[in-house]
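Here's a quick briefing on helix packing and aromatic rings. Have a look at the structure, then read on.

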Amino acid sequence: MPALLGLARAIDRFSSWLGVLIGGVTLLMIGVGLFNVFGRFADRYLGTEFSSNSLLELQWYLFSVIFLLGGAYVLSLDEHVRVDVLYGRLPPKRRALINLVGTVLFLLPFCVIVLWVAIPWFGLSYGIQESSSDPGGLLRWPIKLLLPVGFVFLLIQGVSEAIKAAGALTGHYEYRTQDELDEVEALAADVQLDRAGLDGLLVGLPDEAEEQMKNNQRNN
């Protein structure tokens with residue numbers, strides 16, 4: 001189990017790096033979207049040619065990158081949508097059991113099925129060098145490649161979640177949700193502030209005592 005938990009930690013680190021990448025892509029998508037908006041106004045009123053089909057397609061290509069590659073990162077943070085009213089009230093081992101069963105019986109098989117369908121679909125698109133039907137559009141096969149790549153990442157992160165859930169059930173892993181981790185971090189921050197205030201108080205006491213001693217000497 002320790003070796004498997006080490007593998008899970010490595011997968012989580014990879015997903016964290018992926019999250020940083022997705023953050024950069026999000027900023028890029030916003031920039032392209034703003035350029036497209038102002039470009040259309042400039043083309044209409046100034047007669048320029050800033051806007052193009054390639055830039056419009058690039059915008060939704062970047063959105064596809066965020067959506068397809070960001071799934072593993074969201075899963076690693078336990079921030080995906082849960083349609084239930086009981087999960088958050090259950091003890092950690094019950095939640096770990098639900099996650100283990102759901103991951104093994106639903107998430108991992110679903111990822112395998114999508115890959116089984118998506119890989120030949122991408123292969124066909126790549127074989128014919130599929131491109132956009134719009135003038136000046138982009139190639140289609142790179143965006144279709146994101147579908148199998150994204151589900152490979154999701155499958156790998158699912159393996160990590162299954163390992164952590166199994167570790168929690170066997171007592172080798174402390175299973176906490178992201179909300180609980182946030183509460184622990186907030187509590188640690190409060191304790192740090194209280195300690196800093198106490199240290200400041202203790203540092204100030206000798207100065208006050210010294211000042212009182214000087215006053216006493218002057219009075220004498």
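How many aromatic pairs does a search of the whole structure find? The search finds eight, where rings of Phe, Tyr and Trp (its six-membered ring) pair if their centres lie within 6.5 Å. Keep in mind that this is a predicted model: local features need pLDDT of at least 70, side-chain atom pairs count only at pLDDT 80 or more, and totals for chains, interfaces and linings use all residues. Residues are numbered from 1 along each chain as its sequence is written, and side-chain values use heavy atoms, leaving out hydrogens and water.

**Ring pairs**
- Trp60 and Tyr61 pair up edge-to-face, 4.7 Å centre to centre with 80° between the planes (planes under 30 degrees apart count as stacked, over 60 as edge-to-face and the rest as tilted).
- Tyr61 is buried at 8% relative accessible area, while Trp60 is partly exposed at 38% (buried is under 20%, exposed over 50%, partly exposed in between, with a 1.4 Å probe and protein chains only).
- Phe122 and Trp141 make a tilted pair, because their planes sit at 55°, with centres 6.3 Å apart.
- Phe122 lies in helix H4 and Trp141 in helix H5, so this pair ties together parts 19 residues apart in sequence.
- Both Phe122 and Trp141 are buried.
- Phe14, Trp17 and Phe153 are linked into a cluster by ring pairs.

**Two helices**
- The axes of H4 (residues 92-127) and H5 (residues 141-169) come within 8 Å and cross at roughly 160° (axes are lines fitted to C-alpha atoms over the stretch in contact, and angles run from 0 to 180 degrees between N-to-C directions; helices are DSSP runs of H or I, at least four residues, numbered from the N terminus).
- H4 and H5 are therefore roughly antiparallel (over 145 degrees; under 35 is roughly parallel, 65 to 115 roughly perpendicular, the rest oblique).
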